[in-house]
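Please read the following briefing alongside the sequence and the three-dimensional view. It is arranged by topic.

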Amino acid sequence: MVAVKAQNIVKRFGEVTVLRGVELDIPDGAFAVLVGPSGCGKSTLLRLLAGLEQVSEGKILFGEREVTQLEPRDRDIAMVFQSYALYPHMSVRRNLEFGLRLRKTDAATMNQRVGEVAKMLDIAHLLERLPKDLSGGQRQRVAMGRAIVRRPALFLFDEPLSNLDPALRTQVRVDIRKQHDELGATSVYVTHDQVEAMTLADVLYVLEGGEVQQRGRPIDIYDEPRNCFVAGFLGSPA
Ligand code: ADP
Ligand code: MG
């Protein structure tokens with residue numbers, strides 16, 4: 001687990017300012033959701049947290065450590081994207097082992113970790129298959145497994161349910177929250193879906209136009225939206 005702070009984050013692409021002074025303060029072990037309409041800057045913010053892009057201004061801290069300039073591999077994070085990005089030529093087992101191999105984990109530890117994670121996610125019977133022989137939900141669970149198996153301090157999710165059919169969406173959503181709770185990780189989860197946001201978040205951030213419109217517990221924001229945008233977006237009673 002790790003607390004995540006972002007201070008006065010500004011991100012420009014050329015002339016265009018995409019994030020305008022974003023502040024995040026996510027406690028150790030919290031499940032934070034960033035919600036907002038398409039184009040408001042959610043993915044950009046997540047990519048900055050991951051170290052896949054560099055900030056134009058501002059600071060990012062994981063616990064006491066400033067990570068603003070650090071590469072993704074030095075941040076102890078795992079990212080789960082909307083496209084599963086599994087290696088198509090590798091078995092499920094090899095996909096799960098990939099990050100551990102990079103870190104030169106010994107074979108016994110690797111076997112044990114992969115076994116644990118496969119059991120947890122109910123994919124133990126799929127280990128020798130190739131990704132193309134899995135259903136969408138199974139693929140997403142393998143992608144989760146690949147993130148979990150490294151036991152990172154921080155999970156970053158970018159609309160991980162958007163390619164799943166509605167029935168699976170609910171199931172995987174519940175799975176994600178369960179993994180977070182069991183692992184005692186900190187999670188930052190991006191979505192444009194109000195229901196996902198309201199049901200998953202301990203801490204909710206509502207974004208619009210590259211700015212945080214409101215931060216708080218979902219129920220508090222729903223009951224007392226700070227402005228018309230938040231009220232309209234979350235469907236608060238007038
Ligand atoms: P969201 O994930 O909330 O839909 P994004 O973070 O993907 O929003 O995008 C926010 C804005 O930044 C959009 O207007 C998008 O076109 C722009 N943007 C994102 N990445 C780039 C980039 N690499 N170059 C230029 N503009 C970008
Ligand atoms: Mg996005």
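In helix 3, the buried residues are Val-114, Val-117 and Ala-118, where buried means that 20 or more other C-beta atoms, placed from the backbone, lie within 10 Å of a residue's own, exposed means 12 or fewer, and partly exposed lies in between. Seen down the axis of helix 3, these buried residues fall within an arc of 100 degrees, so they line one face of the helix, the arc being that of the directions from the helix axis to the C-beta atoms. This is a predicted model, in which local features need pLDDT of at least 70 and side-chain atom pairs count only at pLDDT 80 or more, while totals for chains, interfaces and linings use all residues. Residues are numbered from 1 along each chain as its sequence is written, and chains are lettered from A and ligands numbered from 1 in the order in which they are written.

- After helix 3 comes Asp-122, whose phi is positive, near 60 degrees.

**Ligand 1**
- The residues surrounding ligand 1 are Phe-13, Val-16, Val-18, Gly-36, Ser-38, Gly-39, Cys-40, Gly-41, Lys-42, Ser-43 and Thr-44, each counted if its C-beta atom, placed from the backbone, lies within 6 Å of the ligand.
- Strand 2 (16–26) and helix 1 (42–50) each supply at least two residues of this shell, and the largest share, 3 residues, comes from helix 1.

**Val-55**
- Val-55, in the loop between helix 1 and strand 4 (57–62), counts as buried because it has 20 C-beta neighbours inside 10 Å.
- Leaving aside neighbours within four places in sequence, Val-55 is in contact with Ile-9, Val-10, Lys-11, Leu-48, Ile-60 and Thr-68, contact meaning that the C-beta atoms of two residues, placed from the backbone, lie within 7 Å.
- The C-alpha atoms of Val-55 and Val-22, which are 33 residues apart along the chain, are separated by 11 Å.

**The chain as a whole**
- The protein chain has 8 helices and 10 strands, and buried residues make up 38% of its 238 residues.
- Taken along the principal axes, the C-alpha atoms of the protein chain fill a box of roughly 50 × 40 × 30 Å.

Note on methods
Helices (H or I, at least four residues) and strands (E, at least two) are DSSP runs, numbered from the N terminus.
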